[in-house]
Amino acid sequence: MSNNTTGTRSTRSTRDWQEADARHFLHPFTDFQSLAKKGSRIITRADNIYLWDSDGNKILDAMSGLWCVNVGYGQKALIDAATKQLGELPFYNAFFQTATPPAIELAELLAEVSPPGFEHVFFSGSGSEGNDTIVRMVRRYWDVLGEPGRDIIISRHNAYHGSTMAGASLGGMAGMHAQGGLPIPGIVHIPQPYWWDHGRHQGLSREQFGLLAASWLEDRILELGPHRVAAFIGEPVQGAGGVIIPPSTYWPEVQRICDKYGVLLVSDEVICGFGRTGRWFGSETMGARPDLMTFAKGVTSGYIPLGGVMVGDRVAKMLIERGGEFAHGYTYSGHPVACAVGLANVRLIRDLGLVERVRTDVGPYLAAAYRELASHPLVGDAETCGLMGALLLVADKSGGKAFAPELEIGMVCRGHCFREGLIMRAVGDRMIIAPPLVITRAQIDEMVGLIRRCLDLTLADAVREGWLKSA
Ligand SMILES: Cc1ncc(COP(=O)(O)O)c(C=O)c1O
């Protein structure tokens with residue numbers, strides 16, 4: 001047991017926090033030994049788009065926490081909503097024919113901001129749980145329809161759908177499947193719509209490649225037999241996979257294929273929902289009409305855990321009218337405090353016009369800045385969608401050759417970001433951002449200035465170490 005369990009921010013040094021952290025706290029997705037050696041960075045407070053660590057360093061958070069703090073830090077409306085609800089009714093469940101006002105009101109508001117045909121919500125505590133609900137609900141739908149054999153869900157390599165057994169199985173992360181006997185049965189994967197890796201070398205335009213990538217879905221449906229395929233799930237833009245923005249032709253073609261075979265279309269909106277792409281939901285930006293949408297993160301801007309599934313009329317009608325009891329739910333389904341914060345957050349997004357702002361103002365402004373960054377000698381490809389962006393680092397700009405994987409160039413760049421006061425994430429050689437939607441044009445200039453500086457420092461390392469390749 002720690003000998004200092006009563007310490008506060010003011011009485012404990014960074015070193016002290018780090019030692020206690022290493023002794024007791026097993027972090028997610030972490031090599032425990034190597035983190036203990038290095039010591040965690042301790043974040044102690046935040047405001048707007050900035051964080052401060054325990055040494056007082058100010059950091060620009062270009063990742064919105066973990067893709068979630070859409071309205072930025074320190075929003076009084078959310079803090080007040082939580083405080084009020086904690087005092088009034090901190091918890092009651094929704095199991096036994098009961099409900100609480102915040103859950104009802106949030107369900108009502110979510111139906112309002114969702115595309116037409118979404119009138120119902122099933123709440124969970126996180127995105128992973130939301131995707132567990134997806135697996136249960138999709139299979140239940142086909143059961144009720146009298147087709148219990150239709151139970152296979154198709155997903156994609158390098159997708160991220162969470163870390164529970166079902167979430168990680170739906171995801172296509174090889175490293176996750178290697179631990180714990182995943183995927184669970186009845187989930188299969190097709191390649192991702194990543195033009196740079198799979199289409200560029202074949203001389204295909206992005207649009208041609210989008211159609212090809214969608215055809216892999218049809219191929220797999222036919223191979224399995226349409227009568228076995230329950231659903232297809234995808235993130236509108238793959239986030240954790242490296243902000244893989246699909247060609248404009250991809251989602252409309254996926255939609256056509258799902259319609260043709262009656263396969264349910266599931267859009268995982270955990271990252272893309274609540275304005276990130278310039279519409280309330282990413283599927284709207286991509287031109288798809290899903291039957292089900294998973295959400296989390298941006299629904300409360302991450303201030304408090306909440307997730308769930310928006311259930312479209314096709315599925316809702318079947319479950320409500322013919323399904324009887326749906327034997328599934330969580331203690332925190334419709335948690336009143338989480339829902340009160342969600343309500344304040346969604347209202348704030350609407351009242352500040354953040355979705356429109358991403359689409360018509362800061363999104364295009366970021367896109368223009370990224371077009372300029374594309375000329376940096378280290379950048380092979382620069383892309384944005386709304387307020388998500390990716391820079392692919394290459395060892396030879398003219399031919400687009402990759403760095404040797406063992407150099408971990410993304411981590412080198414990320415190291416510079418840490419030291420320069422910028423949170424930018426590395427996924428392999430892709431440097432990715434998803435800043436809060438409240439970011440201003442001046443703050444985008446500041447962020448892009450920091451990004452450019454970190455690219456320059458990484459380039460200087462590459463030149464000094466002789467890592468660059470010639471075409
Ligand atoms: C697309 C997507 N789905 C699901 C999840 C899982 O959400 P959670 O971490 O809240 O369980 C994530 C998390 O990053 C995600 O990006």
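This is a predicted model: local features need pLDDT of at least 70, side-chain atom pairs count only at pLDDT 80 or more; totals for chains, interfaces and linings use all residues.
Good morning. Of the 471 residues of the protein chain, 47% count as buried.

Let me begin with the overall fold. The protein chain contains 17 helices and 15 strands. Its C-alpha trace spans about 65 × 60 × 45 Å along the principal axes. For 471 residues, a compact globule would have a radius of gyration near 23 Å, and the chain has 23 Å, which agrees. Among contacts between residues at least 6 apart in sequence, 71% join residues at least 24 apart.

Which residues of H5 are buried? They are Pro102, Ala103, Leu106, Ala107 and Leu110. Viewed down the axis of H5, these buried residues fall within an arc of 135°, and therefore they line one face of the helix. They pack against helices H4 (76-88) and H14 (336-351), and against strands E4 (118-124) and E10 (307-312). On the other side of H5, Glu108 and Glu112 are exposed.

Finally, the ligand. It is surrounded by 16 residues, of which the closest are Ser126, Gly127, Ser128, Gly162 and Val270. Which element gives the most to this shell? That is helix H6, residues 127-144, with 3 residues. By class, the shell comprises 9 polar, 5 nonpolar and 2 charged residues.

Thank you for your attention.

Definitions and conventions. Residues are numbered from 1 along each chain as its sequence is written. A residue is buried if 20 or more other C-beta atoms lie within 10 Å of its own, exposed if 12 or fewer, and partly exposed in between; C-beta atoms are placed from the backbone. Helices (H or I, at least four residues) and strands (E, at least two) are DSSP runs, numbered from the N terminus. The arc is that of the directions from the helix axis to the C-beta atoms. Two residues are in contact if their C-beta atoms, placed from the backbone, lie within 7 Å. A residue is near a molecule or strand if its C-beta atom, placed from the backbone, lies within 6 Å of it. Ala, Val, Leu, Ile, Met, Phe, Trp, Tyr, Cys and Pro count as nonpolar, Asp, Glu, Lys and Arg as charged, and the others, Gly among them, as polar. The radius of gyration is taken over C-alpha atoms; the globule rule is 2.2 Å times the number of residues to the power 0.38.
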